[in-house]
Amino acid sequence: MNEQAKYKLKGFIFMFLSSSAMGGIGAFGRYINAPGDFISFGRNLIGFIALTVIFVVFARGNFKKVRSTKLSPAMVFSGIFLGLLSGLYVISTQYTTLANASFLIYTGPIYSTILAAIFLKEKINLKGFLCIAAVVVGMLFIVGIITPTGLTLDLDPKWMFGNMIGLASGVAYGLYLFVGRYRQDCDSNVRSWWNFLFASITILGLMAVDSLLSGGLKYTVKVNGVAQVDAAGQIMTAPWDIFTMDATSWLVWIAAALITGFIAFHLLAYATKMLKAGELAAISYQETIMASVLGFFMFGEVLTQLQLVGGALIILGGVSQIFFSTKAASKAGDKIEKEAEIRETLEAHIDEESAKESLS
């Protein structure tokens with residue numbers, strides 16, 4: 001395997017680990033008595049703090065890179081979109097069904113693939129299209145949009161506001177992946193640092209808006225990780241106060257922020273630099289598999305046969321994309337190496353002929 005193929009495979013590994021880590025946020029969230037947007041805020045704030053500590057203690061040269069790197073609109077919007085995608089998704093779950101919210105945010109990778117094909121000329125061949133189609137269909141199965149009884153996407157007008165917010169979260173997700181393809185010259189550690197900063201600021205604004213819309217921030221009442229419902233079948237919520245949040249919630253909040261925020265988003269910054277938008281899309285739905293696996297082992301949530309088929313499609317599409325992309329990268333790398341070898345041979349021959357002429 002040549003260097004080109006190794007670089008591509010490394011990008012896929014980063015994306016796989018990132019999406020797997022992000023898939024744990026649902027399981028963590030069940031044990032945090034706090035609003036979802038505060039959890040999203042923590043994922044970015046702790047990421048910013050952790051990366052700053054690493055820069056100060058272990059990698060001081062990175063602050064020099066931060067100062068020497070020109071801050072561009074692409075870098076600013078990358079952080080803003082990161083904040084919007086996580087914050088808007090959480091808000092949408094309060095105003096529409098969970099299936100609707102999940103489906104709408106997962107439309108993001110499709111938008112990024114289309115945008116990259118138009119503006120970055122990242123064309124998708126038939127193999128790439130089939131890989132993306134497989135993972136998208138798998139996602140529809142696993143999040144419960146397509147069931148044996150039909151479609152569960154609820155377009156009732158009462159969910160319109162929540163659906164629009166959910167759609168906005170998907171657009172933000174797509175734009176984050178797309179904008180991340182710009183500024184390839186920027187160091188990934190520097191990019192992550194700015195991403196975490198601007199995302200944290202963005203979510204603070206969303207929390208203020210959410211508080212106004214909801215009459216104060218609220219959290220879902222849970223017992224042993226299970227949301228409670230009232231006599232009318234509505235999910236129970238309670239007013240939230242940061243100063244009275246229990247110790248367990250704080251500990252889980254920090255753990256969730258480190259794993260599903262700092263680690264996940266930091267690795268994602270590396271992956272968006274190394275992979276094309278279509279390649280990112282094919283691996284991004286691994287998040288739904290991790291969420292389902294955790295749901296099964298931690299809460300006994302058994303998947304239906306159709307959801308298992310969905311998981312298999314996501315794995316098949318992702319693995320196929322890795323195989324096709326690394327194979328193509330390997331061929332491109334071999335071509336570059338052969339061209340370099342021919343060039344070196346010609347230069348050596350020219351030098352040899354020049355030496356003979358000088359002797360004569």
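Tutor: Phe297 sits in helix α13, which spans residues 286-299 (helices are DSSP runs of H or I of at least four residues, numbered from the N terminus). This is a predicted model, in which local features need pLDDT of at least 70, side-chain atom pairs count only at pLDDT 80 or more, and totals for chains, interfaces and linings use all residues. Residues are numbered from 1 along each chain as its sequence is written, and side-chain values use heavy atoms, with hydrogens and water left out.

Phe297 counts as exposed because its relative accessibility is 66% (exposed is over 50%, buried under 20%, partly exposed in between, with a 1.4 Å probe and protein chains only). Phe297 belongs to a nonpolar surface patch together with Tyr31, Val293, Phe296, Met298 and Val302. Together, these residues have about 610 Å² of accessible area (Shrake-Rupley method, 1.4 Å probe, with only the protein chains shown as cover for residues). Patch members have over 30% relative accessible area and no salt bridge, with nonpolar side chains (Val, Leu, Ile, Met, Phe, Trp, Tyr) joined within 5 Å and like charges within 9 Å; a salt bridge is a side-chain nitrogen of Lys or Arg within 4 Å of a carboxyl oxygen of Asp or Glu.

For contrast, Ala133 lies in helix α8, residues 126-142. Ala133 has a relative accessible area of 29%, so Ala133 is classed as partly exposed. From Ala133 to Ala332 the C-alpha to C-alpha distance is 26 Å, and the two are 199 residues apart in sequence.

Key. Helix = DSSP H or I, 4+ residues; strand = E, 2+ residues; numbered from the N terminus.
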